[in-house]
Amino acid sequence: QIVFDLFGTLDPKTKLRRFKTAYIEVPRKNGKSQFAAGLALWLLVGDKEQGAQVYSAAYTLKQASLVFAMASQMVRADSALSTYLKVRDTSRTIFFEQSNSFYRSVPRDDKDSHGLNCHGVIFDELHNQPDRKLWDVLQTSRGMRTQPLTVAITTAGSDRSSICFELHKQAKSVLNGNDRDPTFYPCIFAADPDDDWTAEETWKKANPSLGQTVRLDYLRQECNKAQSSVAYEN
């Protein structure tokens, strides 16, 4: 549904993609990196954007490279993708020569980030960013693109002064109908404050991949552990 919404919802006037920024909040182990890798490859190939620059961004190089690693595996495992895309592990880049486009991972301290011309950005674990520096640099690099898309995919954080919490608040505001920004796409998988965190129905609400990438028996074990330890409950 998320993919259909992001890529299938068009602006009635321009007939271009409506959403320019998406905030997706989901708990750990729900296949976040695999999903992000698929989005990155679609932005590289499926949009047919000439000279597209697509980036997976994160706080550290290691984190930024996780999505790239997943995308590389997808390319190498698929005969069609591997025919058209070339993976360069040393530079953490996937090239699509047919449209003179590339996809690359970029950490917060990348010295070349100010010269980018982003068509697509996958921002992984936004809650780890100590400030909004990289987010703002990437967002303001999209001005020459006709239908850019930035997707922040993150687990929940605790810093209420962060760029992640700012987007979390905007997402909640859009979902509640208080913010009518038509270019912002919100998606939050989480328990509500009054939900019983020990109930399996609550786990289903918060974990879209429950029973697939997240095992139910694992959550049961973790729940029992948390009920025995106040320190572990959070």
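Start your tour at the second largest pocket, which has a volume of about 280 Å³. What you have open is a predicted model, in which local features need pLDDT of at least 70, side-chain atom pairs count only at pLDDT 80 or more, and totals for chains, interfaces and linings use all residues. Residues are numbered from 1 along each chain as its sequence is written, and side-chain values use heavy atoms, with hydrogens and water left out.

**Stop 1: the second largest pocket**

Select Arg28, Lys29, Asn30, Gly31, Lys32, Ser33, Gln34, Gln63, Leu66, Met70, Glu125 and Thr155 to show the lining. Helix 2 and helix 3 are the elements that give two or more residues to it. Helices here are DSSP runs of H or I with at least four residues, strands are E runs of at least two, and both are numbered from the N terminus. By type, this lining holds 2 nonpolar, 6 polar and 4 charged residues. Ala, Val, Leu, Ile, Met, Phe, Trp, Tyr, Cys and Pro count as nonpolar, Asp, Glu, Lys and Arg as charged, and the others, Gly among them, as polar.

A word on the method: on a 1 Å grid over the protein atoms alone, a pocket is an open set of points where a 1.4 Å probe fits, with protein on both sides within 12 Å along at least five of seven lines, and lining residues have an atom within 4 Å of a point. Grid points are joined across faces, edges and corners, and a volume is the space filled by probe spheres set on the points.

**Stop 2: the largest pocket**

Now move to the largest pocket, with a volume of about 1800 Å³. Its lining has 43 residues, and Pro27, Ala156, Ala206, Glu233 and Asn234 lie nearest the centre. Colour helix 6 (163-175) next: the largest share of the lining, 6 residues, comes from there. The lining divides into 21 nonpolar, 11 polar and 11 charged residues.

**Stop 3: strand 1**

Select residues 21-25, which form strand 1. All 5 of its 5 residues are buried, meaning under 20% relative accessible area with a 1.4 Å probe, protein chains only. In a regular strand the side chains alternate between the two faces of the sheet. Here Thr21, Tyr23 and Glu25 on one side and Ala22 and Ile24 on the other are all buried.

Which strands flank it? Strand 7 (residues 149-154) runs parallel to strand 1, joined by 5 bridges, and strand 8 (residues 184-188) also pairs with strand 1 in the parallel sense over 5 bridges. Two strands pair if DSSP finds at least two bridges between them. For landmarks, Thr21 stands opposite Thr150 in strand 7, while Tyr23 has Pro186 in strand 8 as its bridge partner.

**Stop 4: the nonpolar cores**

Select Leu6, Leu44, Ile94, Tyr103 and Val151, which touch the most other members of the 29-residue largest nonpolar core. Such a core is a set of buried Ala, Val, Leu, Ile, Met, Phe, Trp, Tyr and Cys residues joined through side-chain atoms within 4.5 Å. Helix 2 gives the largest share, 7 residues. Apart from this core lies another of 20 residues, including Tyr23, Cys118, Leu138 and Val174.

**Stop 5: Thr202**

Finish at Thr202, in helix 7. Is Thr202 buried or exposed? Thr202 counts as buried because its relative accessibility is 11%. Leaving out residues up to four places away in sequence, Thr202 touches Ala191, Asp195, Asp196 and Trp197, where contact means heavy atoms within 4.5 Å.

Methods: Buried < 20%, exposed > 50% of the residue type's maximum accessible area, 1.4 Å probe, protein only.
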